[in-house]
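Before you is a protein chain, and a student wants to learn how to read its features one at a time.

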Amino acid sequence: MSLQVREAGAGDAVLIADLTRACWAERVAASSSGHRENTERVQQDLQRGGGFVLLLDEQPIGSVRWLPSDTETEVWEILRMGVLPAYRGQGLSQHLMEAVIHRARSADVNELRLAVRADQTRVVDLYAVFEFELAPELEYTRANPLEEPPIVMRRWLKR
């Protein structure tokens, strides 16, 4: 078994959009915008921030993206981390998260943030393992106004 995390490039937009929709299928509420992920949005995210693709034996099985905060310098928001259903429960998302944390540190980012859908609270514990803390004082800037606000979590990289 060969596991690899590689940086996503502009040519990966279609792959990442497909992976995101597949990771969200039957796992996340139908109202989630992840079900409607499109190449253009992924391309914009990759140009403005970045992403990683998780490969198992050279087959893509997951991805993650990040964007710089719209309002705060030295803050990145982690988006759309997911692993295909057949590969869940093996701790493989850890490799994606560690890659983002490493990249953020090398870019002198002070803080990482992410949002957890209000109906997906079971993943709060997953992110807590990576030293993310609940941050009820923060509002998620990309929240769907038609849904309950997500739970925002943060991880300080340096203070």
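The dialogue below goes through the predicted model, feature by feature.

Q: What share of the 159 residues is buried, and what does the surface consist of?
A: Buried residues account for 43% of the 159 residues in the chain. The chain exposes about 8500 Å², of which carbon and sulfur atoms supply 49%.

Q: How do I read a nonpolar core, and which residues of the largest one touch the most other members?
A: In soluble globular proteins, nonpolar side chains tend to be buried together. Here the largest nonpolar core holds 40 residues, and those that touch the most other members are Ile 78, Met 97, Leu 112, Leu 114, Tyr 127 and Phe 132. At least two residues of this core come from each of the helices α1, α2, α3 and α4 and from each of the strands β2, β3, β4 and β5. Apart from this core lies another one, of six residues, including Ala 135, Leu 138, Tyr 140 and Val 152.

Q: Which residues does Tyr 127 touch, if I leave out those up to four places away in sequence?
A: With those set aside, Tyr 127 touches Met 81, Met 97, Leu 114, Val 116, Phe 132 and Met 153. For the chain as a whole, if we take the contacts between residues at least 6 apart in sequence, 61% of them join residues at least 24 apart.

Q: Which parts of the chain does the pair of Arg 48 and Asp 70 link?
A: Arg 48 forms a salt bridge with Asp 70, with the closest N and O atoms 2.4 Å apart. This pair links distant parts of the chain, since Arg 48 is in helix α2 and Asp 70 is in the loop between β3 and β4, 22 residues apart. At 40% relative accessibility Arg 48 is partly exposed, and at 48% Asp 70 is partly exposed as well.

Q: Is Arg 155 buried or exposed, and what is its partner in a salt bridge?
A: Arg 155 is buried, with a relative accessible area of 8%, and its side chain meets that of Glu 131 in a salt bridge at 3.8 Å, N to O. Glu 131, in contrast, counts as exposed at 54% relative accessibility. Elsewhere, Glu 72, Glu 111, Arg 113, Glu 137 and Arg 154 are linked in a network of salt bridges.

Q: How do I read aromatic pairs, and how many are there?
A: One looks at how far apart the ring centres are and at the angle between the planes, and a search of the whole structure finds three aromatic pairs. Phe 52 and Trp 66 form a tilted pair, 5.2 Å centre to centre with 40° between the planes. Phe 52 lies in strand β2 and Trp 66 in strand β3, so this pair ties together parts that are 14 residues apart in sequence.

Q: What kind of pair do Trp 66 and Trp 76 form?
A: Trp 66 and Trp 76 form a stacked pair, 5.1 Å centre to centre with 15° between the planes. Trp 66 is in strand β3 and Trp 76 in strand β4, so the pair ties together parts that are 10 residues apart in sequence. Phe 52, Trp 66 and Trp 76 form one aromatic cluster, and each of its members is buried, with relative accessibility of 6% for Phe 52, 4% for Trp 66 and 12% for Trp 76.

Conventions. Residues numbered from 1 in each chain as written. Predicted model: local features only at pLDDT ≥ 70, side-chain atom pairs only at ≥ 80, totals over all residues. Heavy atoms only, no water. Core = buried A, V, L, I, M, F, W, Y, C linked by side-chain atoms within 4.5 Å. Buried < 20%, exposed > 50% of the residue type's maximum accessible area, 1.4 Å probe, protein only. Helix = DSSP H or I, 4+ residues; strand = E, 2+ residues; numbered from the N terminus. Contact = heavy atoms within 4.5 Å. Areas by Shrake-Rupley, 256 points an atom, 1.4 Å probe, with all protein chains shown as cover. Salt bridge = Lys/Arg side-chain N within 4 Å of Asp/Glu carboxyl O. Phe/Tyr/Trp six-rings, centres within 6.5 Å; stacked < 30°, edge-to-face > 60°.
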